[in-house]
Amino acid sequence: MKLEELLKSEVIAAINKLYSANIDASIIKIDKTPPEFEGEFTVVTFPFAKVSKKSPDATAIELGNALLQSSNIILKFNVVKGFLNISFKDAYWIDVLINIPVKNYANLNATGKKIVIEYGGPNTNKPLHLGHVRTMLIGYATANILEAAGNEVHKVNILNDRGIAICKSMVAYLRTGNDKTPQLENIKGDHFVGNYYVEYQKIFEQEVGVLAMEGIATEEAEKKAPIYIETVEMLQKWEAHDPEVLALWEKMNNWVYEGFNETYKKLGVDFEKEYKESDYYLKGKESVIDGLNKNVFFKKEDGSVWVDLTSDGLDQKVLLRADGTSVYITQDMGVAEERYKDFAMDKSIYVVANEQDYHFKVLKLVMQKLGEPYADGIFHLSYGMVDLPEGKMKSREGTVVDADDLIDVMITDAKEFLEASEKKIDIPENEKDNLYRQIGLSALKYFILKVDPKKRILFNPKESIDLHGNTGPFIQYTYARIQSIFRKLDETGFQPKDTTFNTLLSDEKELIVLLDHYPDIIKFAAENYSPAEVANYIYHLAKTFNKFYAGHSITKAESEEKLHLRVAIAYRVANVFRHGLGLLGIECPERM
RNA sequence: GGUCCGGUAGCUCAGUUGAAUAGAGCAACAGCCUUCUAAGCUGUGGGUCAUUGGUUUGAAUCCAAUCCGGAUCACCA
């Protein structure tokens, strides 16, 4: 953005000289010139018409001439309907190009800020699904982007490991499990435990059906089903620290964690620390009592503790039940407190679906009322739900897209595509599986990350994700083409060097202008917590490079100087692909 | 009902601190491989930016109202 700042100050000076008027930098609007017009940057001159007392066109021409006089990097300008399009000298852009570092480009200066970002948040009674995949991909990519933008970032997970749900799996296992284990059955641990959750539902419905035939109303039957009663008892025993129940709970949760870890690894996400709800759900109580003492919470006659948020436009919320046990928000208070002890963060980002918008508003307000130092830094990165063609995913109806299945399908599809293509990929047999994995995952990750997190996603499992157009594989492919050029050049003993380039074609200049933007894109993506910004930029860069590639040869450039110029461009474009895709958690195959 | 989020091409999405003729991809059609990887490139067709009104030199973008979709408003998590 250096150039735009420079241009702004020149505009201010020129307006002052021309019209003896002082204008504020904030009214100057400088855009990237759209491709259909000549120039690289455009100054919008409508706001100056007031001080020039002339038409925007006349003002633009006078301003353009003044800038041409005062600046030594402006080559020429043209005016269209009040828009002043400015072209800079090729020498300027070549200077920009060679000053783009080939290493650590777009790693911005340290901000000194510490950020904790939470994503994942699985329940331990069943395997991960597409919704978790979206959280994890958004969380992981956002963490990378924030880090590149100069922040100290800590990635954490929260495991919802207690409560009625896991007890359902436990009860069903006791009834029908016969001491089986995931190892014996050769099933991934989380799926193994999830199967008993499904089993619970089956038994439950059966028992409710039997009671219904005895003439009991459904609502009542659901509470009288023997397996439900057993589950409630199980939960009570868990809360009473019954050793047998605790042992079973731990055993089954550990199976689940083994399964989860496998999925994290496949997906390429990781965590610095995992918080278990069971470790902290009691700790939130201390904060609640603290709030009572500070008079920011109040106690009702029955002993339950509440916070009144009506003056903030919300309702009254319960923080502690009448029997003194915690509710959902109590444990989030406890975890937040613990997290601050661990990291003393300036900002806490929670990557959680938008169905919890209300919850996080409450959490932030409650922490602010308690005067916690990290309260203002709480930010809910709210993402839209993932829909299927037939509507919302529903575990009860079995329409949930399983994370492991999805990853496998993507990789298999990539494999089938490559095997069916006539192209001979010149890679060793033992590296092929890795390539299929890289491509399949890239299709999945890019598909999810290119969409603004706020928006809902429509996912159609029947149409396997595309590998053409605005996709991850398209960008990988563009990268691989560049690498192929470099391999060819290496064979000829080519040595890159800085020659004195003269002129630029518009396709070349366009690439340099785009490369110059990259650090600003990172900054913008970090400020907006939006991996989609990075994805869209990289796609645009790939598209622009392919246009250039189709029109001009690098290895057979018109001259030695052009060869070196184009190598310098291509090398930096490839670096940005690797860096940008890396932020999204996507790998770059050297050939494909 | 209150609150929040969304509605842009047949489909999936960009564009929303106001700015030129609203852009991509997919799908359809027509071209381009003796030349660095055709997963590519070029072109054609496709739009009441949900609707109406307002602010402005200028509105997909800001404001108001309405319609449609979703979420949420539990001593569930």
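Predicted model: local features only at pLDDT ≥ 70, side-chain atom pairs only at ≥ 80, totals over all residues.
User: How do the residues of the surface near RNA strand B divide into nonpolar, polar and charged?

Analyst: There are 28 nonpolar, 13 polar and 22 charged residues. Ala, Val, Leu, Ile, Met, Phe, Trp, Tyr, Cys and Pro count as nonpolar, Asp, Glu, Lys and Arg as charged, and the others, Gly among them, as polar. Residues are numbered from 1 along each chain as written, chains are lettered from A and ligands numbered from 1 in written order, and side-chain values use heavy atoms, without hydrogens or water.

User: Where do polar side-chain atoms lie by a phosphate, a sugar or a base of RNA strand B?

Analyst: Look for polar contacts, pairs of N or O atoms within 3.5 Å; within protein, one must be able to donate a hydrogen and the other to accept it, and residues adjacent in sequence count only if both atoms are side-chain atoms. A polar side-chain atom of Arg481 lies 2.7 Å from a phosphate oxygen. For Lys556, one lies 3.2 Å from a sugar or linking oxygen. For Ser304, one lies 3.3 Å from a base nitrogen.

User: Which element gives the most to the surface near RNA strand B?

Analyst: Helices (H or I, at least four residues) and strands (E, at least two) are DSSP runs, numbered from the N terminus. Here α20 gives the most, with eight residues.

User: Which residues touch the most other members of the largest nonpolar core?

Analyst: In soluble globular proteins, nonpolar side chains tend to be buried together. A nonpolar core is a set of buried Ala, Val, Leu, Ile, Met, Phe, Trp, Tyr and Cys residues joined through side-chain atoms within 4.5 Å. Among the 160 residues of the largest one, Phe88 and Trp93 touch the most other members. Helix α21 (residues 560–583) gives this core the most, with twelve residues.

User: Is Thr135 buried or exposed?

Analyst: Buried means under 20% relative accessible area, exposed over 50%, partly exposed in between (1.4 Å probe, protein chains only). Thr135 counts as buried because its relative accessibility is 2%. Thr135 sits in helix α5 (residues 130–148).
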